[in-house]
Amino acid sequence: MSERIVLSYRHGVRRFNYRVAAVIIAEGHVLVCREDDDDYVQLPGGRVELGETSADGIEREIAEELAMPAEIGPMIATSESFYRAGGEDYHELSFFYRAHLPGQGPDGNWPWLLRHDEGHELKFYWVSLKEDALEAISLLPPWLPGFLRQEPAAPVHVIHDERAGV
Amino acid sequence: MSGRYMISYDLPPGRFNLRAAAIVPREGHVLIHRSTVDPFWTLPGGRVEWGESTCATVEREIEEELGVTATVGGLAAVVENFFTYAGQRCHELAYYFTVHLPDEFPFQTDGSICHRCRDGSAELEFKWIPITAQALDVHAFVPAILRDRLPALSDVVEHLVFHEEVEGPTG
């Protein structure tokens, strides 16, 4: 499978997405990313490609987005999310991996890092795990702040459904 | 939102599939099934429909194929499976749940077929076998990566990756 095919498909307004994300924590802060003018932030990561393991996917995404050495740790959560965004209904699978950026952490800069990837401006911030700092910056998906503050010892399976009547 | 469709995408370089299946343990045995034309056995389950959680897929498939209402427990394993089937590269995500069936579902440990049903043009048959690597080997159980793991699965989510370069069934 030499051709790169991103695992994201649309049928009318129905989209299926398969993502990987990195949980990078240093000195009580988690690294988040704002793309362009989004009014929310996400964990660093992106879409998995056909034929690629989720672990290879997160390694590739970190290399593309952050362009610095990273150590990828264990998978700590897998989620299924159902939500509406940008006029599309999403059915999204995600794998979350613990990761570490050797020698990197909060240094007082805000944003910490500014990058450009695939035509998008990416701004990275280290946000405190304390109180409601992650909610204040609108980290999505919405179950993440609570999960990150009390990260379980074993991988968890999360189903997040924002559809009406569920 | 008209029409159901399965999450299975055929693209020039390969196919992406999303599946969910049930691990039904009972008195040291596990429920397996196959299409009568296949030489291999798998866990009962099927493809996930767009908009459906993997737990809901397992509930639906059990209802359709076994005619009983399942109690779906926690996720036991998630497997990233890469294989070639009928000349096509396949990238499959499979979610395995611990499931309990009501007592009315027949339980026989003599290796006989305990249930049959039709699924489209296929005839499916079900039976209980001991949860041992040996019994799973004898039944050419797939995915093979679960033969050693199934007897040891706990309530902790196990994440497995399997690369198979030879031809193999999708189950």
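# Two chains, question by question

Visitor: Let's start with Thr57(B): which helix of chain B does it lie in?
Guide: Thr57(B) lies in a helix of chain B. Helices (H or I, at least four residues) and strands (E, at least two) are DSSP runs, numbered from the N terminus. In this predicted model, the helix holding Thr57(B) is H1.

Visitor: What kind of model is this, and what are the ground rules?
Guide: Residues are numbered from 1 along each chain as its sequence is written, while chains are lettered from A and ligands numbered from 1 in the order in which they are written. Side-chain values use heavy atoms, leaving out hydrogens and water; local features need pLDDT of at least 70, side-chain atom pairs count only at pLDDT 80 or more, totals for chains, interfaces and linings use all residues, and the model is predicted.

Visitor: Is Thr57(B) buried or exposed?
Guide: Buried means under 20% relative accessible area, exposed over 50% and partly exposed in between, with a 1.4 Å probe and protein chains only. Thr57(B) comes in at 0%, so it counts as buried.

Visitor: Which residues does Thr57(B) touch, leaving out those up to four places away in sequence?
Guide: Contact here means heavy atoms within 4.5 Å. On that basis, Thr57(B) touches Ala20(B), Gly46(B), Arg47(B), Val48(B), Glu49(B) and Glu52(B).

Visitor: Is His33(B) buried or exposed?
Guide: His33(B) sits in strand E4 (residues 29-35) of chain B. Beyond four places in sequence, its contacts include Trp41(B), Pro44(B), Glu65(B), Leu124(B) and Phe126(B). Its relative accessibility is 7%, so His33(B) is buried.

Visitor: Which side chain does the side chain of Asp110(B) make a polar contact with?
Guide: Asp110(B) is in the loop between E7 and strand E8 (115-119) of chain B, and at 61% relative accessibility it counts as exposed. A polar contact is a pair of N or O atoms within 3.5 Å; within protein, one must be able to donate a hydrogen and the other to accept it, and residues adjacent in sequence count only if both atoms are side-chain atoms. At 2.6 Å, the partner of Asp110(B) is Ser112(B).

Visitor: How much area do chain B and chain A bury between them?
Guide: Buried area is the accessible area (1.4 Å probe) that two parts lose on being put together, summed over both. Chain B puts 35 residues into the contact and chain A 32 residues. Carbon and sulfur atoms carry 71% of the buried area, which is about 2,700 Å².

Visitor: And which element gives the largest share of chain B's side of that contact?
Guide: Between the two chains there are seven residue pairs in polar contact (both at pLDDT 80 or more). On chain B, the elements that each supply at least two residues include strand E2 (14-23), helix H1 (54-66) and strand E7 (88-100). The largest share, six residues, comes from E7(B).

Visitor: Glu88(A) and Arg10(A) meet in a salt bridge; how many residues apart are they in sequence?
Guide: Their side chains meet at 3.7 Å, N to O. Glu88(A) lies in strand E6 (residues 88-100) and Arg10(A) in strand E1 (residues 8-11) of chain A, so the pair ties together parts separated in sequence by 78 residues.

Visitor: What is the N to O distance between Arg147(B) and Asp137(B)?
Guide: Arg147(B) is buried at 18% relative accessibility, whereas Asp137(B), at 43%, is partly exposed. Their side chains meet in a salt bridge, with an N to O distance of 3.0 Å.

Technical notes. Salt bridge = Lys/Arg side-chain N within 4 Å of Asp/Glu carboxyl O.
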